[in-house]
Amino acid sequence: MFYKVYADLKKRKTKRTSHVFFRIFLPTLLLFTTASCIQVIHAENGAIKINGSSIPPSISKIKLKTTFRLLDIVGRVTDTSGIALSDVTVTIKDTRIGTATNSSGQYSLSDVNETATLVFSYVGYTTQEIPVEGRSRIDVVMRTVEDSLNAVIINVGYGRQRREFLTSSVSTVSGAELVKAPVPNISTALKGQLAGLVAIQSSGKPGSDGASLNIRGTGTYTGQTAPLIMVDGIARDTYDDIDPNEVETISILKDAAATSVFGVRGANGVILITTKRGQNSTSPSINFTGQTARSSFTNLPRFVNSYEYATLLNEQALGDYWVKHAKDPDIKTWEDFVRKRDANWRTDGAINFSDNDLRYFQNAHTPTLANGERNPWYDPYFHPDTDWKKMLFRDATSTSQANVNMRGGSKAMRY
C-alpha cells in the first residue's frame, strides 16, 4: 500500500501556541495512523516526522490520501471433501463486478483493489466474505448450510418456488448429476435419480436404447399414457434428442396439486426440463466433458447348436404324434401305438430331420477326417452350424463421448 501525504501550512504567532496545537492534534493523528497500519508518521520531541524527515510545528493540518494497488486474483473453490465446485458466484463486495467458477472450480478476477473483499456464494453453501489483503491467490473451501433444502429453488409449472414453501409433490435433479452416468440420452440417465419415476429400458440396441418413463404408474389407459414433457416451458414429444450436458435441472410433478396448471394433459405427471442459459460474467466460461465407458453383457444365455436343435425338433414331432393319434381306433395297446408311430411320424406333417441330416450337423465343424481325407459328411452350406451370437455380438464394446460448452454474457447479451 502506498501513501501520499499532503500538508497545509499556516503560520503561528508564538512557539508556545504551536506546541499546544501539536499536543491537541497529535493523539488524533496517531490514532488514525495506527488504525491504518501507517508507521512512517511519528512524533519526536514535539515535532512530527514523516519518513524520517522533520516538519516544523508551523503545520496546522495534515491530510492523508491513500493510493492502492490493483491485483489480478486467481483461486480454486472446493467443498469440504476437496471436490471442485462449478458455477460458484465470486463478486467484489459492494460492486457489481464478479465471475463464476468453471467445472474445475477455478476463477479469476482482474484489477481488484488490494483492500477489497471477495464474496463467495453458492446455493446450499454458506456465503463467505474474504478480504484480499494484498494476496493474488485465494483458495476457498465452501461449507454446506444445515437447512440447505430450504434454499433450493424448484421449478413448478410455469414458475419457480422455494422448497420451504412447496406443498405439492415435486422431485428435482441437477444436470451435474445426470452427466455422471456414461449414457447418451436423458431417459437412461434418469433411472434411479428421482423418487416416483419408473424407467423401463426394453432394448439395448444402439440408437434405440432409450427408456420409457412413468410417474407413479399410468394415470390414463387410452390415448396418451406418457408424462407431459415441457422443455423451457414448451411442450415436446420427446426429450432424448437433448444433450444431458445442456440440462440445468429436471423436475417431475407427481400429484394433482403440482400438475393442476396443466389440466388434463398433466394426468400422467409432468417432466420439466430447464436447459442451461448464459450468465453475466466478465469472461466466458468454457467447460469440457469427456467420458469413456465399456459395456458388456451381464448374462448371455447359451443357445443350442444345429445338431441339438434338430434333435429337439425330432423329439417334438414324436410327442405331437401321440397327441394326434393316441385315440385312433386301430390302436388297442401301447405296442400298437409304438409300431404305428415308428412307421409314420416322419411323414405326419411335423418338421423333422432324418438320421443323415443329424450326422451332417454333427460334422459341421469337421471338414477333414483324422487321416487327412475329405469328410463326406461335411456340408457347411446345407447343414451349417453357425454361432450367430458370436458373429453378431462382441464380448464388450466401448463408448466415448466428448462435449464442449461455453457460457458467458453481459448486460446486453448472454450466450
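These notes walk through the cavities, aromatic pairs, sheets and a few backbone details of a predicted model.

1. **Ground rules.** Residue numbers start from 1 along each chain as its sequence is written, and side-chain values use heavy atoms, with hydrogens and water left out. As the model is predicted, local features need pLDDT of at least 70 and side-chain atom pairs count only at pLDDT 80 or more, while totals for chains, interfaces and linings use all residues.

2. **Cavities.** Rolling a probe the size of a water molecule over the atoms shows where empty space is left. A cavity here is a set of points, on a 1 Å grid over the protein atoms alone, where a 1.4 Å probe fits but cannot get out. Grid points are joined across faces, edges and corners, and a volume is the space filled by probe spheres set on the points. The structure has 2 cavities of 30 Å³ or more, and the largest cavity comes to about 70 Å³.

3. **What lines the largest cavity.** A lining residue has an atom within 4 Å of a point. The lining consists of L178, V179, A181, V183, P244, N245, T289, G290, Q291, Q401, A402 and N403. Strands β22 (285–296) and β23 (396–407) each supply at least two of the lining residues; strands (E, at least two residues) and helices (H or I, at least four) are DSSP runs numbered from the N terminus.

4. **An edge-to-face pair.** Rings of Phe, Tyr and Trp (its six-membered ring) pair if their centres lie within 6.5 Å; planes under 30 degrees apart are stacked, over 60 edge-to-face and the rest tilted. This rule gives 9 aromatic pairs. One of them joins F297 and F393: the ring centres are 5.4 Å apart and the planes stand at 85°, so the pair is edge-to-face. F297 sits in the loop between β22 and α5 (306–325) and F393 in the loop between α8 (388–392) and β23, so the pair ties together parts 96 residues apart in sequence. F297 is partly exposed at 43% relative accessible area, and F393 is partly exposed at 45% (buried is under 20%, exposed over 50%, partly exposed in between, with a 1.4 Å probe and protein chains only).

5. W334 and F337 form a tilted aromatic pair, with 5.3 Å from centre to centre and 35° between the planes. These two residues are 3 apart in helix α6 (residues 334–344), so about one helical turn separates W334 and F337. F337 is buried, at a relative accessible area of 1%. Y321, W322, W334 and F337 form one aromatic cluster.

6. Two strands pair if DSSP finds at least two bridges between them. An open sheet of 5 strands runs in the order β15-β20-β21-β18-β19, with mixed pairing. The edges are β15 (170–174) and β19 (234–236), each with a single partner strand, so one side of each has no neighbour in the sheet. The twist averages 25° from one strand to the next; axes are lines fitted to C-alpha atoms, and angles run from 0 to 180 degrees between N-to-C directions. Strands β18 (residues 228–231) and β21 (residues 270–275) run parallel and are joined by 4 bridges, with L228 opposite V270 in β21. V247 belongs to β20 (residues 247–253) and is buried, at 1% relative accessibility.

7. **The antiparallel sheet.** An open sheet of 4 strands has the order β8-β7-β10-β11 and antiparallel pairing. Its edge strands, β8 and β11 (125–131), each pair on one side only, and the twist averages 15° from one strand to the next. β7 and β8 pair over 3 bridges, and T91 stands opposite G98 in β8.

8. **Two positive phi values.** Which loop holds D87? D87 is in the loop between β6 (70–79) and β7 (89–92), has phi near 60° without being glycine, and is partly exposed at 27%. D94, in the loop between β7 and β8 (98–100), has phi near 65° and is likewise a residue other than glycine. D94 is exposed, at 75% relative accessibility.

Note on methods: 1 Å grid on protein atoms, 1.4 Å probe; cavity = no way out; pocket = protein on both sides within 12 Å on 5 of 7 lines; lining within 4 Å.
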